[in-house]
Amino acid sequence: DWTMPDFIGEAVARIRAQVGDEEVILGLSGGVDSSVAAALIHRAIGDRLTCVFVDNGLLRLDEAEQVMATFARNLGVKVIHVDASERFLSALAGVADPEQKRRIIGRVFVEVFQEEAAKLPRARWLAQGTIYPDVIESAGGKTKKAASIKSHHNVGGLPETLNLKLLEPLRELFKDEVRELGIALGLPHDMVYRHPFPGPGLGVRILGEVKREYADILRRADAIFIDELRRADWYDKVSQAFAVFLPVRSVGVMGDARTYEYVIALRAVQTQDFMTAHWAELPHALLAQVSHRIINEVAGINRVVYDISGKPPATIEWE
Ligand code: XMP
């Protein structure tokens, strides 16, 4: 039967045999799958793996910093950190439609990644964190992530024009095995057990037009929510939790003054497969603490609401 050390040994041998003395490029998103693929391939071929981490300006608070700390500093993986936030945000200016935003984010990602790949002429392989459920879903002719009716433009969607051979060392694994492998390879627990985060990131959690100001507010509110969930031991009891930025202003009062500021919605769901989901019955005291902290610590927000909609009919993300 199957053990993790055997799996690592065999996977490393297979990667070495496949790649020979050639070089590999991988788009690192900070998500579980691409992170574990990076750690495994690095174990096999070391410096002949180059990861490209693209900051699209729509990441969570300190996310780029955490990815660089984990991979570049702790594991010694070669990571190119591309700050493309200005490019993504200008491409998104004036665009409010959710699917159009997804397409733009996907297209700019491919452009940026291709430019970086062109700087690595010795790369012959494109590594991807494809896992077994992705393989069966695409074999069934469905969209890549059947859990969502929305289009997905992820790191996985890179074009064939790159002219690279595909390296997918996680193709036979289920999500829980990928997590176990990540831990065995020395990735931090918090990274391996992090909630899923959509490819378009905060781009689909800022309703309507995306602006840097909104993203900065949302990042801070979201970090407070996640921090309080962890402190209250609720983070691992929900499948996904996040804040959403609503670009409408409501009236509030602070001291003697009237305020007129934006709204943050909190979303936390429990689900097995992300096809259907229940809103999480978080304790009122926890919600009160999150609301209090967001309103006091995040300038520009004077009202926090909690989303009590199930999927269906609501989706998990607001866009
Ligand atoms: P919905 O909102 O469709 O989400 O109920 C179901 C799951 O899919 C994730 N999601 C996405 N993931 N790109 C992604 O990589 C996307 O465009 C996207 N849209 C939704 C969502 O976070 C949830 O886990």
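Predicted model: local features only at pLDDT ≥ 70, side-chain atom pairs only at ≥ 80, totals over all residues.
## The annotated site

Let's start with the record. An unreviewed UniProt entry places a "binding site" feature at Ser-29, Gly-30, Gly-31, Val-32, Asp-33, Ser-34 and Ser-35.

## Asp-33

Asp-33 belongs to helix H2, which covers residues 32-45. Is this side of the story buried or exposed? Asp-33 is buried, because 23 other C-beta atoms lie within 10 Å and the cut-off for buried is 20 or more.

Once neighbours within four places in sequence are set aside, the contacts of Asp-33 are Gly-129, Ile-131, Leu-170 and Val-178.

## Ser-35

Ser-35 is also found in helix H2. With 28 C-beta neighbours inside 10 Å, Ser-35 counts as buried too.

Which residues does Ser-35 touch, leaving aside its neighbours within four places in sequence? Its contacts are Leu-28, Gly-30, Gly-182, Leu-187 and Met-191.

## Pro-196

Now to the loop. Pro-196 sits between helix H8 (189-192) and helix H9 (212-231). Pro-196 has 15 C-beta neighbours inside 10 Å, so it counts as partly exposed; that class lies between the limits of 12 or fewer for exposed and 20 or more for buried.

How far apart are Pro-196 and Ala-91 in sequence and in space? They are separated by 105 residues along the chain and by 25 Å from C-alpha to C-alpha.

Terms used. Residues numbered from 1 in each chain as written. Helix = DSSP H or I, 4+ residues; strand = E, 2+ residues; numbered from the N terminus. UniProt positions renumbered as here; feature names shortened; annotations may be inferred. Contact = placed C-beta atoms within 7 Å.
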